[in-house]
Each structure stands twice: as C-alpha cells, then as structure tokens.
Amino acid sequence: SSKGFTILRVGVSPELGKTSLIMSLVSEEFPDEVPLRAEEITIPADVTPERVPTHIVDYSEAEQSEEQLYQEISKANVICIVYSVNSKKSIEKVTSHWIPLINDRTDKDSRVPLILVGNKSDLVEHSSMETILPIMNQFQDIETCVECSAKNLKNISELFYYAQKAVLHPTGPLYCPEEKELKLSCIKALTRIFKITDLDNDGILNDNELNFFQRTCFNTPLAPQALEDVKNVVRRNMADGVKDNGLTLKGFLFLHTLFIQRGRHETTWTVLRRFGYDDDLELTQEYLFPIIKIPPDCTTELNHNAYLFLQSVFDKHDKDRDCALSPEEVKDLFKVFPYMPWGPDVNNTVCTNDKGWITYQGYLSQWTLTTYLDVQRSLEYLGYLGYSIVYEQESQAAAITVTRSKRIDLQKKQTQRSVFRCNVFGAAGSGKSGFLQAFLGRNLQRQKQIRETHKSYYAISTTYVYGQEKYLLLHEAIPDVDFLSEEELACDVVCLVYDVNDPRSFEYCAKVYKQYFIDSKTPCVVIAAKSDLHEVRQHYSLSPHDFCRKHKLHPPQSFTCNTTTVPTKDLYTRLTTMAMYPHARLRCMCSCNRCTYCLCQSLLKLELLRSVKAQLRRVVHNRHMAQADLKNSTFWLRASLGATVCAVLGFAMYRALLKQR
C-alpha cells in the first residue's frame, strides 16, 4: 500500500466511455475531444481518501495488443470492467469475454478484485442493477457495481473510491457470499483479537473491554448509549450474542459479519490491521519481528513492563488460583498462537509443583530463558499475545532491555544484568543432568521419573544475591572436548562436574579447563558430584584438590542430589555471585561463618546501609592485600557498623521521646 496500487480500466467494446471517465475524473468536466487511450495517470496520496497513491491505466484494443493487455492484467491490483447501461450486448460481453479472460490470466488463489462500471447512466431512466446482480452472485471476484456518467460527472469520484476500497479492504478474504458467513481464516483472526481484548478471560467483553477495543482500533471510546445500541443490535439478531450485559465471541463475530454485509468491511479491516494482520490474514513480519539492535557481547532481558504484562497473562489464565498452570490452562493461554510453543521439555527446564505443572516462577523463568537465548522468538511470542496493543507500545521491542557490554561490566566491576549463564561441563555420566535438576528442587528420586524424550539441557530459576533476585541459567554442554561451540564457551561462570566414584571422570574436566578456560576471565568452579558415594582416586596426574590449588581455583565443591528433601540452593547462589562479580575470584566458598566472604554474606542479609555494603565489598575484593591492611579494614568495618547501630538506636530514642511529648 505504501507504493500505491494500479487500476486497470478495460471496456467490453469501443465507445463505451471508459477513457471519458478517466478524463472527467482528472479535469472534473466532460472532455470535448476524447483520445483512443488515456496516458497512465498517477493520483497523489494526499488527494485520496485512503492516503495511498493510485495509478490509473487505460486499455484500448485499437492501440494495444493482447500481449500488452495480459501484462497490464498481471500488474493490476484492481480491474474496472466498463459496460454501457443502455446496451445489453455490452453487459453480456462482461461474462462471455472479459471475466473468463481475466480469470485465465490470474492465479486462482490470488484473484484480482473486479469492479463493474455501468457508464452513460445519463442516457437512460432505468437502472441496470437487476441485470447485474445475478452476475455479481455468480462471480465471487466482483467486489461491487457502480453506475455513473462521464458527461454529468455522476459517481465519478465514488467509482475510484470503490476501486481503492476493493484493494485496501477486499471482501474476498473475509466473507463467503454464497454461505453468507465469515471465512474460517477471518474467524480465526477475529477470535484471537477477541481473546486479547478479553482482559479477564471470562469469555465476555464487558463495557470497559469494549471501550479498550474501541480506543485501540479507532482512537475514540464509545458513549454509554452507543455501547447499549451495539448490544441491542446483537440481541435482536441472535440469542447468545450478549451475556451478562457483555458481548460474547458469537456476538463479536456477528457484528463483523453485519459490517461486511452492509458494505462496511473497512471497519473489520481496520481492526485486523491494528492487530497485525496483512491482506492474507496472516500476521506481518514487521509486527512479529520488529527491528532490535543487539551489539556484540550484550545480552537481552525482559524489562519491568514486560514482566507485569506476563504476570497479567498468567493471572488471566490461572483459573483455579493455585499459582500454577495446568495442562488445560497452558493450552488456553496459547490459543492465540498458531502452534504450541512449549513442549514437554519445558516442564523439566523450570520449576513445577508436585503435580508437574509449571508454577508462576517457572512460567516467568521460561520467558526469561527464551528472551536470553532467542530474542526474536520472544518478540514473536509477545506479538501473538498482543503486548504492544495491550500496553499501547509501538512494538514488542519495547519489552526488551539490551544489557551493557560485558567488557564494560568487567571494567566497572559492577553489572545491572539480571540473567547470568552457567555452562556445565562434564564427562558422560558425571552427574550434569542431576546438577541441573537439583537447581529446580528435584532430588534423585524425582529425577528418575523424567522421560528421556522429555529431557532438557537447560535449567533456569531464581537465586538471591545480596538481597537481589537474579536468574541463573544452567546449560549442560555436550561431552565432546574437541568440538565446543562458541555458544558453549560464552557464559558468565563455568561448572566442571566430575563423579567422585568414577576414577576417569575428572580427566575430562581438567582437559576442558586447560584447553578453553585457563587464560579466560570467566570464573570456574569444580563440582565433586555424587558425593554421597565412596570417593575414589582419580586417574590423573593431579588430584582434584591439587589441580584447583595449582590453578588458583576454589576447592572442589561437594554435591549430591540423592537426598530425602529438596536439594539446597546454596551452591547455586555462590555461582550466581561469582557470575555477578567475576573480578572477586579468590572469595571463600566454605560457609565457615568466620572468613571475610561469609561475614559479608551475613551482614548483607541484614540489609544494612549502602555505605556499609560498600565497605564490606571493598574488604572482600581486597582480600589479597597484606595482613596489616586487612586488620585496618576490619577496624573500619567495625567502626562503620558501630556508627550505624548508634544512629539507628539514636533515631529510635528520638521517636520515642517525641511520642512521650
């Protein structure tokens, strides 16, 4: 539409006045001399009702060949067939020659709309519509019929308006005249629009939702009386179109059927295009995939408004209010999608309840994972849900935050990111999958219930670091040390998992570290998995402890998911902390409650003042400093803490004195 469209005008025979019609439109007066064929005319967008440039092409049998005619037919967006209202022979030629010729030269699935134009209406007192109506019923491609007169300028402007309308607002994709009902593709599109507009998912559009729909599509609300008039029209025509004083889906579809039957199909097209549909009733690529620029070394996350929107979608479909989505509720949520986006592996990627249903936290985690790994798919999904429409944004790209470059985060030694990736490496059978599932709160007994075909190589959930909620994304890498992709190497923290009961397990971890991460700034942690089993000597030149000591890594962290209760999340919190602060690579991970790191954790959990937090972090980051400097820092730490406590007590006493007074 932005490039305009072409109207081809053909006449069933010479001297029907088709060229006169074009000349009268341009000059607004009947021409004294009429050429055999008018030159191609372009009407600028600013003088047309639909604000679209229009190209008018005339065809003359006297000057042009059939080959030229076929070329023009292939380029035309709409074809006007001109006949004379006072000539039965010209009317007959419409069906015997022109319509079959045009149909033979166009694809059956993309027929060009036709306009029948009865010219010279000034010469007769009767109408030709009785003769034309059976023809219109016979051929679906005929959009409308207009009777006009080039001599007295009758319906000239209307003729070209209907031609534009036939292109911009065609009836064919929406309505089947034989069945007198909407086509299935149109019903499907309008049903999605209804579900998006039904903000509380009760199957009824109440007055607030109808006004939201009206403002969204037409930029103006409906007056209370106008709303009642609309509902009364539906009530008079169908029994179940209005329920509880709201519009049902059947009533909504009936209204659009009525619009089309009364020649108001531009109303339905306005609605469809506002919700992202093209002329074939498919969601456009521009709507589903808005442009978003992601510089190298940056990641993508959902912003606050996106999480609020997704929360509202969850609440809308959580009918039983159990903070989890049953399989039926998940299906209902994704009815606005052309396909089911989540497979059974999702239930093993995020947290679920005892029934295996995705919890609220798991639901948000899956959206976070999709946005991080494949932002284009996340944009597509948000488009199906109508994010940009409900939140009145230009596109769903407004839901995405592109984070700062990781290189800058390292330089500034701080980050605003909320999602951190941990790639988990280990030989086959080392316990990587168990490590991922334990993060989701599943012990070994629950993990045994997972089908192999439903296995997931990702796990994502939340952890809390210094009182802030962060997402940790675990990815199980393939156990092939010689062929690791860039995706498997790009992460914020690395886990090297070995089986303490398998003497050949640690060798793989050592090879991966020495080949890919020994000179990397990415923090690495060695996990001694299956620690409930007997630990055997590893067949490697160095023991895991000696290997970690040599390469200045944390000592191997014991882990087991063979527990009777839910596995602890402490280790995952430490991994997230290391991902957030990779520069602090010598932090203690022993949970001794005596060292600087553990002291920092306990103090920060008390949510002390920011100045105290900053002092504590400086102590942690400078642990490698001399003992004298460490003692000095400890002194100031105690002084700061004492001052803070005194200030709090003083303020409390001041408040108490005020109350007594």
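Visitor: What share of the contacts with a separation of 6 or more comes from residues 24 or more positions apart?
Guide: In this predicted model, such pairs account for 69% of the contacts in the chain with a separation of 6 or more.

Visitor: How many helices and strands does the chain have?
Guide: The chain contains 26 helices and 21 strands.

Visitor: And what percentage of the residues is buried?
Guide: Of the 661 residues in the chain, 51% are buried. The chain exposes about 33800 Å², and carbon and sulfur atoms supply 51% of that area.

Visitor: Turning to charges, how many salt bridges are there?
Guide: The structure holds 15 salt bridges. Side chains of opposite charge can pair when their charged atoms come close.

Visitor: Which residue does E228 meet in a salt bridge?
Guide: E228 pairs with K231, at 3.2 Å from N to O. Both residues lie in helix 8 (residues 224–237), three residues apart, about one turn of the helix.

Visitor: Is K231 buried or exposed?
Guide: K231 is buried, because its relative accessible area is 0% and the limit for buried is under 20%. E228 counts as partly exposed, at 26% relative accessibility.

Visitor: What does K455 form a salt bridge with?
Guide: The partner of K455 is E476, and the closest N and O atoms are 3.8 Å apart. K455 lies in the loop between helix 19 (444–447) and strand 17 (458–465), and E476 lies in strand 18 (residues 468–476), so the pair ties together parts that are 21 residues apart in sequence.

Visitor: Are those two residues buried or exposed?
Guide: K455 is partly exposed, with a relative accessible area of 27%. E476 counts as buried, at 8% relative accessibility.

Visitor: What about K530: which side chain does it meet?
Guide: K530 meets D499 in a salt bridge, at 3.4 Å from N to O. This pair links distant parts of the chain, 31 residues apart: K530 is in the loop between strand 20 (524–529) and helix 22 (544–550), and D499 is in strand 19 (residues 493–499). K530 is partly exposed at 28% relative accessible area, whereas D499 is buried at 8%.

Visitor: Which residues are linked in a network of salt bridges?
Guide: K195, D332 and K335 are linked in such a network.

Visitor: Changing topic, what does UniProt list for residues 305–340?
Guide: An unreviewed UniProt entry lists that span as "domain: EF-hand". In the model, residues 305–340 are 56% helix and 6% strand, and the end C-alpha atoms lie 24 Å apart.

Visitor: How many residues of helix 14 are buried?
Guide: Eleven of the 14 residues in helix 14 are buried, so by the under 20% limit the helix is mostly covered. Among them are Y363, W367 and Y372.

Visitor: What span should helix 14 have?
Guide: At 1.5 Å a residue, helix 14 (residues 360–373) should span 20 Å; its end C-alpha atoms are 20 Å apart, which agrees.

Visitor: Lastly, what is the strand order in the open sheet of three strands?
Guide: The order is 9-11-10, with antiparallel pairing. Strand 9 (204–205) and strand 10 (242–243) are the edge strands, each pairing on one side only.

Visitor: Over how many bridges do strand 9 and strand 11 pair?
Guide: Strand 9 and strand 11 (residues 246–248) pair over two bridges, in the antiparallel sense. I204 stands opposite T248 in strand 11.

Methods: Residues numbered from 1 in each chain as written. Predicted model: local features only at pLDDT ≥ 70, side-chain atom pairs only at ≥ 80, totals over all residues. Heavy atoms only, no water. Helix = DSSP H or I, 4+ residues; strand = E, 2+ residues; numbered from the N terminus. Buried < 20%, exposed > 50% of the residue type's maximum accessible area, 1.4 Å probe, protein only. Contact = heavy atoms within 4.5 Å. Areas by Shrake-Rupley, 256 points an atom, 1.4 Å probe, with all protein chains shown as cover. Salt bridge = Lys/Arg side-chain N within 4 Å of Asp/Glu carboxyl O. UniProt positions renumbered as here; feature names shortened; annotations may be inferred. Expected span 1.5 Å × (residues − 1). Pairing = 2+ DSSP bridges.
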